[in-house]
Amino acid sequence: MNIGILGIPLSGKTTIFNLLTSQQKQTDAYLSAKTKNIGMVKVIDQRLDYLYSLEPSKKLTYATMEVIDIPGIDTDLPEKTKQEIFSDIRNSDAILMVIRVFEDQSIPGNVDPVVQLENLVYEIILRDLEIVENRIDRLVHAKRKLTILEENEQRTLEKCKEHLSSDSLLISMFFNEEELKQISGFSFFSLKPIVVAVNLDENQLQKNEFPHQDKYNRFVEAHKMVSIPICGKMEMEINELPPEERQVFLEDLGFKESGITRLIQTIYSHLGLISFFTIGKDEIRAWTLRQGTVAVKAAGKVHSDMERGFIRAEIVNFNDLKQWGSMQKVKEKGLFKVEGKGYLMKDGDIVNFRFNV
Ligand SMILES: Nc1nc2c(ncn2[C@@H]2O[C@H](COP(=O)(O)OP(=O)(O)OP(=O)(O)O)[C@@H](O)[C@H]2O)c(=O)[nH]1
Ligand SMILES: [Mg+2]
């Protein structure tokens with residue numbers, strides 16, 4: 001899973017990247033950076049800690065996501081530069097937009113969330129239109145008769161073009177299965193799920209109030225995005241505290257968990273991701289799946305041999321284990337399940353794959 005971070009210059013992208021990945025890349029109050037950063041995010045999951053407390057193992061491995069932090073997108077940049085910046089997140093599975101609302105005289109830049117959203121969506125649409133128009137152009141000017149498949153593809157692309165030209169993201173368009181296949185190879189930006197981190201100051205965060213909020217919320221909803229408030233500055237301060245003091249600090253301010261934790265969870269759920277767990281003497285580990293994944297494919301995540309030689313999956317759901325407190329009890333209650341290749345994996349499944357190669 002890979003997430004690309006997008007925003008205008010100096011909106012707090014690298015600050016949030018650092019918080020997500022525990023890195024310390026340079027942030028700057030005046031000069032927009034020209035470099036990209038790549039890092040891994042640990043998907044904190046308290047269920048994993050609970051499993052470890054029942055049966056300690058040598059290693060505890062959280063699920064991870066990769067994030068890419070790119071330079072700020074300024075509408076005034078030359079087209080070619082924008083294309084280059086965007087190309088670094090072309091293969092991302094989702095976009096994390098960072099929108100600046102915090103006021104700070106020493107940091108230049110726009111603080112109107114709606115203007116920023118409109119500009120970024122406009123840029124995303126332009127990138128996709130370039131691809132669609134190029135491809136249509138090649139099909140139209142082909143020096144031979146198009147195949148039926150190509151004719152169908154052209155028809156689908158014409159529909160995409162019309163939709164994009166009306167300032168709409170492709171994610172809000174309906175595609176049937178065949179059409180989805182035709183367009184899947186283009187990695188359209190506007191088909192990627194978008195999570196918006198709205199970077200507020202402490203006061204705005206606590207009151208959950210900021211300028212243009214209603215218009216902002218309507219825009220987010222209309223474009224099938226999901227928004228999460230965060231204060232980059234406060235998150236940095238929390239990070240500087242010793243771990244045992246962080247929770248108290250948060251609770252004093254009226255929060256249950258840090259904004260970064262909520263952000264990771266929001267990304268996870270907006271992308272339709274679920275976790276399953278494997279337990280062994282050497283490692284207790286969480287794995288990420290898309291909702292709707294079958295058991296044999298989940299096995300392949302752990303090891304290709306497990307997919308190839310899949311026999312069955314032995315499954316206990318975390319919620320049942322938590323309720324009854326031990327595997328023994330869960331078995332007595334008849335909640336230990338044996339499932340075949342086509343079983344639809346559920347969030348929180350604890351799995352032992354039986355296989356033979
Ligand atoms: N007051 C305040 N400042 C912040 C907040 N978040 C980030 N900053 C500051 O804003 C400046 C820009 O932050 P960066 O994280 O470098 O922003 P960026 O979007 O990566 O910027 P470029 O990559 O250069 O476009 C830095 O000085 C940060 O310390 C916040 O929540 N409040
Ligand atoms: Mg940056």
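The model is predicted, so local features require pLDDT of at least 70, side-chain atom pairs count only at pLDDT 80 or more, and totals for chains, interfaces and linings use all residues. Residues are numbered from 1 along each chain as its sequence is written, chains are lettered from A and ligands numbered from 1 in the order in which they are written, and side-chain values use heavy atoms, with hydrogens and water left out.

**Overall architecture**

- The protein chain has 15 helices and 12 strands; these are DSSP runs numbered from the N terminus, with helices being H or I of at least four residues and strands being E of at least two.
- Along the principal axes, the C-alpha atoms of the protein chain fill a box of roughly 65 × 60 × 35 Å.
- Of the 357 residues in the protein chain, 46% are buried; buried means under 20% relative accessible area, exposed means over 50%, and partly exposed lies in between, with a 1.4 Å probe and protein chains only.

**Surroundings of ligand 1**

- Ligand 1 is surrounded by 22 residues, the closest being Lys13, Thr14, Thr15, Ser32 and Ala33; a residue is near a molecule if one of its heavy atoms lies within 4 Å of it.
- The shell around ligand 1 comprises 9 nonpolar, 9 polar and 4 charged residues; Ala, Val, Leu, Ile, Met, Phe, Trp, Tyr, Cys and Pro count as nonpolar, Asp, Glu, Lys and Arg as charged, and the others, Gly among them, as polar.
- Ligand 1 sits in the second largest pocket, in the sense that more than half of its atoms lie within 2 Å of the grid points of that pocket.
- A pocket is an open set of points on a 1 Å grid over the protein atoms alone, where a 1.4 Å probe fits, with protein on both sides within 12 Å along at least five of seven lines.
- Helix 1 (13-21) and helix 9 (232-240) are the elements that give two or more residues to the shell around ligand 1, and helix 1 gives the most, with 3 residues.

- An N or O atom in the side chain of Thr15 is 2.5 Å from an oxygen atom of ligand 1; a polar contact is a pair of N or O atoms within 3.5 Å.
- An N or O atom in the side chain of Asp104 lies 3.3 Å from a nitrogen atom of ligand 1.
- Lys233 places a backbone N or O atom 3.0 Å from an oxygen atom of ligand 1.
- The protein buries 92% of the 650 Å² that ligand 1 exposes when taken alone; accessible areas come from the Shrake-Rupley method with a 1.4 Å probe.

**Residues with positive phi**

- Most residues other than glycine have a negative phi.
- Leu10 is not a glycine, yet has a positive phi of about 60 degrees; Leu10 lies in the loop between strand 1 (2-6) and helix 1 and counts as buried at 16% relative accessibility.
- Lys224, also a residue other than glycine, has a positive phi near 55 degrees; Lys224 is found in the loop between helix 8 (213-222) and strand 7 (226-230) and is partly exposed, with a relative accessible area of 48%.

**Selected helix residues**

- Gln116 belongs to helix 4 (residues 113-140) and counts as buried because its relative accessibility is 1%.
- Gln116 and Met97 are 19 residues apart in sequence, with a C-alpha to C-alpha separation of 9.8 Å.
- Gln206 lies in helix 7 (residues 202-207) and is partly exposed, with a relative accessible area of 45%.

Definitions and conventions
Polar contact = N/O pair within 3.5 Å; in protein donor to acceptor, adjacent residues only side chain to side chain. 1 Å grid on protein atoms, 1.4 Å probe; cavity = no way out; pocket = protein on both sides within 12 Å on 5 of 7 lines; lining within 4 Å.
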